[in-house]
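Subject: Structure for your files

Hello,

Here is the structure for you to look through. My notes follow below it.

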Amino acid sequence: MKKIKNFIEKNFIKSKNIWLAYLLAIFFGTFGLHRFYLKKNGLKMLLITVLTLGVGVIITYPMLIMDLFKIPDWVKDCNNINNTSPTEKIIQTNQSSKHINNTVTPTSLNESMSTSTSLSTSSSLSESLSTSSSLNDSLSANIEETNSSSIDRPRNSQVISYDFKPKLQPVMEFKPKTKMKKKSTRTKTNSSETIKISRLRKLRDDYVVVDIETTGLSPSEDKIIQLSAIKYIDNKKIAVFNEYINPHTKLSDFIINLTGITQNVVDHGKELNDIKDDFISFYGDLPLVGHYINGFDIKFLIANNLVIKNVATIDTLPLARKLDLENAKLPTVKKFLGINNNSHDSLDDCYTTNALYQFAKENFIKK
């Protein structure tokens, strides 16, 4: 099976096969499948065929005949792109106005978030984040103290302070896929109230990044055990909210291993009702930014009465999908951006989400 899989990947996926392209053109040409296979826009032929109920073949047949002559060049172009070495695919962003910065230095909150640092090369970013333990110690000293400071932080591993705003040079190629769409809305029901959730597509400068850790995936049955948020005004961090919450239930071994949050930590955590007003006041009228927030976090926040009025959200999951990575999960995005912190720790995930958010603003949005 492995040999068959490798054969298929080598001859039909990683490098395009001209005979398969011809077969698709001959048997499914009016649907544009050969164009989809060769990464040419086949949507036009598909729409003509479907929307005209077959009459569109008058148009698609001449296009198909011309495509038969273009297929060899298209296959050659696809294979040339796939055979390009990774070192030739490094993205050059605004080279004329930005310089390479080979060091990453922690600064104070007011100074670091007000300066515009230069893009670092992928290798220097990785080295500056991981080579020196003394750097990690100095960065860790700048981490925000929270109301749960009396409890030991789970995972006594390296933690990176994000009191600076790095402009991260990607460590691999990204290919933006789709354009930003306009604003759309939907509603959620919380007891007798109807809460309107506005899904924003335009990225804002004033926002609150939020992330949670839970005992499971069901908003109605599972509990929040860590709630974190970071407030940004004009893209500058101004406040941090981080609390461990007592779920009054035993954590599963899976959740403990995944999050690094122990039973002792949550047993000494705060009651959800005691921090509810503080959290609502923390984000106020600002939009909430989160990774898969529309499909996960916002459901838990509403189910636990942590959202009591209409709120706007910005989901970074579609932004991660534009990077054309193996998947759009935060650990994968973190590796792409060269970030070294804990995954499945809601506060660290907030920092990773914000790094992705800022990266998207600088690379996906036309100036």
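How many salt bridges does the count come to? The count comes to three, where a salt bridge is a side-chain nitrogen of Lys or Arg within 4 Å of a carboxyl oxygen of Asp or Glu. Before the details, two notes on the source. This is a predicted model, in which local features need pLDDT of at least 70 and side-chain atom pairs count only at pLDDT 80 or more, while totals for chains, interfaces and linings use all residues. Residues are numbered from 1 along each chain as its sequence is written, and side-chain values use heavy atoms, with hydrogens and water left out.

Overall make-up

The chain has 15 helices and seven strands; these are DSSP runs numbered from the N terminus, with helices being H or I of at least four residues and strands E of at least two. Of the 367 residues in the chain, 46% are buried. Buried means under 20% relative accessible area, exposed means over 50%, and partly exposed is in between (1.4 Å probe, protein chains only). The chain exposes about 20100 Å², and carbon and sulfur atoms supply 54% of that area. Accessible areas come from the Shrake-Rupley method with a 1.4 Å probe, and for residues only the protein chains shown count as cover. Taking contacts (heavy atoms within 4.5 Å) between residues at least 6 apart in sequence, 66% join residues at least 24 apart.

The salt bridges

Lys361 pairs with Asp205, with 2.4 Å between the closest N and O atoms. Lys361 is in helix 15 and Asp205 is in the loop between strand 2 (193–199) and strand 3, so this pair ties together parts that are 156 residues apart in sequence. Lys361 counts as buried because its relative accessibility is 12%, whereas Asp205, at 36%, counts as partly exposed.

Lys270 forms a salt bridge with Glu243, and here the closest N and O atoms are 3.5 Å apart. This pair links distant parts of the chain, 27 residues apart: Lys270 is in the loop between helix 10 (263–267) and helix 11 (272–283), and Glu243 is in strand 5. Glu243 is buried at 2% relative accessibility; Lys270 is partly exposed at 31%.

The side chains of Asp285 and Lys309 meet in a salt bridge at 3.0 Å, N to O. Asp285 sits in the loop between helix 11 and strand 6 (288–290), and Lys309 in the loop between helix 12 and strand 7, so the two tie together parts 24 residues apart in sequence. Asp285 is exposed, at 71% relative accessible area, and Lys309 is partly exposed, at 34%.

A nonpolar core here is a set of buried Ala, Val, Leu, Ile, Met, Phe, Trp, Tyr and Cys residues joined through side-chain atoms within 4.5 Å. The largest has 29 residues, and Ile230, Leu323, Leu337 and Tyr357 have the most contacts inside it. Elements that each supply at least two residues of this core include strand 3 (207–214), strand 4 (224–233), helix 14 (330–337) and helix 15 (346–363). Helix 15 gives the largest share of this core, eight residues. A second, separate core has 27 residues, among them Val210, Phe241, Tyr283 and Leu301.

Helix 15 is mostly covered, with 17 of its 18 residues buried. From first C-alpha to last, helix 15 reaches 25 Å, close to the 26 Å expected at 1.5 Å a residue; the expected span is 1.5 Å times one less than the number of residues.

A nonpolar surface patch of about 1100 Å² includes Leu23, Ile26, Phe27, Phe28 and Phe31. Patches are made of residues with over 30% relative accessible area and no salt bridge, with like charges joined within 9 Å and nonpolar side chains (Val, Leu, Ile, Met, Phe, Trp, Tyr) within 5 Å. Helix 2 (18–28), helix 3 (33–37) and helix 4 (43–51) each supply at least two residues of the patch. Ile26, in helix 2, is exposed with a relative accessible area of 57%.

Is Asn304 buried or exposed? Asn304 is buried, because its relative accessible area is 16%. Asn304 is in the loop between helix 12 (293–303) and strand 7. Leaving aside neighbours within four places in sequence, Asn304 is in contact with Ile224, Leu272 and Lys276.

Regards
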